[in-house]
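Notebook open, model loaded. I wanted to look at one helix, then a pocket, then the whole chain.

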Amino acid sequence: MTPVSDPTDLLRTARTWLEDDPDPATREELQQVLTAAEGGDDTALADLEDRFSAFLEFGTAGLRGRLGAGPNRMNRSVVIRTAAGLTAYLRARLAESGDATPGPAVVVGFDARHHSDVFARDTAAVVTAAGGRAMVLPRPLPTPVLAFAIRHLGADAGVMVTASHNPPEDNGYKVYLGDGSQIVPPADRDIAEQIDAVTATADVPLAQDGWETLGEEVLEAYLAAAVAVLDPTSPRELSVVHTALHGVGSEVVRRAFEQAGFPAPAAVATQAEPDPDFPTVAFPNPEESGAIDAALELAEQVGPDLVIANDPDADRCALAVRDGDGWRMLRGDEVGALLGQHVIDRGRAGGDRPVLARSIVSSRLLGAMARYAGLQGEETLTGFKWIGRVPGLAYGYEEALGYCVDPATVPDKDGVTAALLAAELTATLAQQGRTLADLLDDLAHRHGVHQTDAFSVRVSDLAQIPPVMARLREQPPQELGGVPVARAEDLADGVDGLPPTDGLRFLLEDDTRVIVRPSGTEPKLKVYLEAVVPVEDRAALAAARDEAARRLATVRAGMEELTAV
């Protein structure tokens, strides 16, 4: 959709959209804005301009945006057109392959966010009307259940209606292909072209029924596969506090733990049930400060061995461990290394799956661990759409709390199986009189301290980000924290065999690494830091960590200044 700048054209375009909108709620919302704009309200006119600045962009993350009326929002019109574009793309692929099936088989999942069930039903109606087979999960369930169901049911594609850990006013539309992996180029562009070809929502046929609502057997099959990740002979003596952050993870995590033989986790009662308004947290993301405070408060009361937090669609997993008299949330890179070592020690990496993969912004520690174990380490662009596609993948992770521990079954991040594997590792170490912190010490002693940090620059307008990136490209830093920059790389050029992406990487002479990139799902610029300090012996471990922290602090201060909006 071409942006509309002339007020007369804008009002005409808004009226046309209003007449085509099938949802009474968003029609009323848009009518109010339109009436105010026609009456000379500048704020309403600016609101209208934003709503019609573009069609909500469909990319490798699918759709994600604010709920509301207009093409630059998540609503039924946008979802119906997107579903029609996706279905047309799938039909074309089937025809190219010589498949005579009347239409594609698509499995649809949804979480408990506002309108997720409505968007799922609209998707099923579009697929069914186009002659396809739509299979809808029985109720709000975690994203990894949908990712599992695609191959389990032999579907051509999967759709998950979720905005993951975004604020409550958002929703999203994530697309997977038949191999269970998220879409990557050129599929995203091809689907976007088909979406653009849909000129009116009213032109898209919608079935009134005929799709299949799946039963509980899909969830049961997922749980059985999740439990099979564990060693049946490993210890199960463990106490856990768990929070679902008002998402859909509580029941599935509890059942997975019980079926695996672990005691049921102690749930944070105020956050255990799905609530699309996420009333107890500012952001429903375990990475955000304060998000797991309620879980840590419960941990102080019950004294568990481990605290586990999932994000609202349960594809991410955070861990907190006892630290002196309190609790410390582990960084995503720390959990990534711990689970990676457990995969190595369990012998799950080898044979036709000898690869440990991490995203480009994640710690280089996993690569060192792979080399030490005689395995292959791979680095990918950010996102499980890339990690899940690595040939021979045994384990993959990204620092944003995403872990793929069973790629043969779910080639995507999975917060439920990650929680199970973390529980198994914790119980195994406890049987030896050791802790997760002890294993982190072992890894640092063996491979050097790999200490990471990250910060985000949130913006109110996405247009604020490109000038910052342009400035860094035109005038890259010559030094950071007093250390010369040995190499500056523009990831948009494609480096180390990776596809081009919008980002910059700076490598300092002391092996400190800095990466700057725009977020793919939120209005912010993200900066990732890593300092590596060799460790001669265990006695030097504390000093090495102090040195790593010093390097990170000075480099962070420099980057905060350089990325200021």
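This is a predicted model: local features need pLDDT of at least 70, side-chain atom pairs count only at pLDDT 80 or more; totals for chains, interfaces and linings use all residues.

Started with H12. I found 12 of its 14 residues buried, so this helix is largely enclosed by the rest of the structure.

Then I checked the length of H12. At 1.5 Å a residue, its 14 residues should span 20 Å, and the end C-alpha atoms are 20 Å apart, which agrees. Just after H12, I noted that Gly347 has a positive phi of about 75 degrees.

Moved on to the second largest pocket, which holds about 520 Å³ of space. I got 27 lining residues, and the closest to the pocket centre are Glu287, Glu288, Arg331, Glu399 and Ala454.

Which elements supply at least two residues of that lining? I have H11 (293-302), H12 (332-345), E16 (449-458) and E21 (524-533). E16 gives the largest share, 5 residues. By type, I sorted the lining into 12 nonpolar, 6 polar and 9 charged residues.

Last, I zoomed out to the protein chain, where I see 18 helices and 21 strands. Its radius of gyration is 24 Å, close to the 24 Å the globule rule gives for 565 residues, so the chain is as compact as a globular protein of that length. I put the C-alpha trace at about 70 × 55 × 50 Å along its principal axes. Buried residues make up 58% of the 565. Of contacts between residues at least 6 apart in sequence, 69% join residues at least 24 apart.

Terms used:
Residues are numbered from 1 along each chain as its sequence is written. Side-chain values use heavy atoms; hydrogens and water are left out. On a 1 Å grid over the protein atoms alone, a cavity is a set of points where a 1.4 Å probe fits but cannot get out, and a pocket is an open set with protein on both sides within 12 Å along at least five of seven lines; lining residues have an atom within 4 Å of a point. Grid points are joined across faces, edges and corners, and a volume is the space filled by probe spheres set on the points. Helices (H or I, at least four residues) and strands (E, at least two) are DSSP runs, numbered from the N terminus. Ala, Val, Leu, Ile, Met, Phe, Trp, Tyr, Cys and Pro count as nonpolar, Asp, Glu, Lys and Arg as charged, and the others, Gly among them, as polar. The expected span of a helix is 1.5 Å times one less than its number of residues. Buried means under 20% relative accessible area, exposed over 50%, partly exposed in between (1.4 Å probe, protein chains only). The radius of gyration is taken over C-alpha atoms; the globule rule is 2.2 Å times the number of residues to the power 0.38. Contact means heavy atoms within 4.5 Å.
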